[in-house]
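Here's a quick briefing to read with the structure open beside you. Take the topics one by one and find each residue as you go.

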Amino acid sequence: MSDQVNKFLGDSLGRTLIKLLVVSLIVGFIMAFFGLAPLDFLYWVRNLVLDVWHRGFSALGRVGDYLLLGATIVIPIFLILRLFSYRR
C-alpha cells in the first residue's frame, strides 16, 4: 500500500507534504502581494456564470477567449513539464 501511495504522489508522503507546504506558502505570498484572495476567484466564476446566464449565448464567445488566453500559458508549461519528466 505504501509503495502505491509513493508512486501516486511521486515521492514519500512526508516529502510531498513539505513540498506542498512550501509551494503553498510561496503562492500565498504572491497572492497577498497582488491583493488577491481565494474568494476573489470564486466570485469571478460566479459572476462569469451569471453574466453568461443574463446575456445569453452571445457571452459564450468570452468563455472561448478565456479558454484561449489560459491555454497560451497552460499548454507550454504542460509540454515543458512533460519533456522534463520524459528524460527520467
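**Surface and overall make-up**

The protein exposes about 8,300 Å², and carbon and sulfur atoms supply 74% of that area. Keep in mind that what you're looking at is a predicted model. Of its 88 residues, 7% count as buried.

**The helices**

- What secondary structure does the protein have? You'll find 4 helices and 0 strands.
- Reading from the N terminus, the elements go α-α-α-α.
- Helix α1 covers residues 2-9, and helix α2 covers residues 13-33.
- The expected span counts one less than the number of residues.
- After α2 comes Gly35, which has a positive phi, near 75°.

- Asn6 sits in helix α1. Its relative accessibility is 27%, so Asn6 counts as partly exposed, a label for values between 20% and 50%.
- Which residues does Asn6 touch, if you skip its neighbours within four places in sequence? They are Asp11, Ser12 and Leu13.
- Thr16 belongs to helix α2. Is Thr16 buried or exposed? Thr16 is buried, because its relative accessible area is 12% and the cut-off for buried is under 20%.
- Again leaving out neighbours within four places in sequence, Thr16 is in contact with Leu9 and Asp11. Asp11 therefore turns up in the contacts of Asn6 as well as those of Thr16, with buried meaning under 20% for the latter residue.
- Along the chain, Asn6 and Thr16 are 10 residues apart, and their C-alpha atoms are separated by 9.1 Å.

**A nonpolar patch on the surface**

- Ile18, Val22, Ile26, Ile30, Phe33, Phe34 and Leu36 make up a nonpolar patch on the surface. Together they have about 760 Å² of accessible area.
- Ile18, one of the patch residues, is part of helix α2. With a relative accessible area of 54%, Ile18 is exposed, as the cut-off is over 50%.
- Phe33 is another patch member, and at 68% relative accessibility it counts as exposed.
- Phe34 also belongs to the patch. Its relative accessible area is 57%, so Phe34 is exposed too.

**Aromatic rings**

- How many aromatic pairs are there? The count comes to 3.
- One of them joins Phe33 and Phe34 in an edge-to-face pair, with 5.2 Å from centre to centre and 80° between the planes.
- Two values are quoted because a pair of aromatic rings is described by the distance of the centres and the angle of the planes.
- Which residues do ring pairs link into a cluster? They are Phe41, Trp44 and Tyr66.

Methods. Residues are numbered from 1 along each chain as its sequence is written. This is a predicted model: local features need pLDDT of at least 70, side-chain atom pairs count only at pLDDT 80 or more; totals for chains, interfaces and linings use all residues. Side-chain values use heavy atoms; hydrogens and water are left out. Helices (H or I, at least four residues) and strands (E, at least two) are DSSP runs, numbered from the N terminus. Buried means under 20% relative accessible area, exposed over 50%, partly exposed in between (1.4 Å probe, protein chains only). Accessible areas come from the Shrake-Rupley method with a 1.4 Å probe; for residues, only the protein chains shown count as cover. The expected span of a helix is 1.5 Å times one less than its number of residues. Patches are made of residues with over 30% relative accessible area and no salt bridge: like charges are joined within 9 Å, nonpolar side chains (Val, Leu, Ile, Met, Phe, Trp, Tyr) within 5 Å. A salt bridge is a side-chain nitrogen of Lys or Arg within 4 Å of a carboxyl oxygen of Asp or Glu. Contact means heavy atoms within 4.5 Å. Rings of Phe, Tyr and Trp (its six-membered ring) pair if their centres lie within 6.5 Å; planes under 30 degrees apart count as stacked, over 60 as edge-to-face and the rest as tilted.
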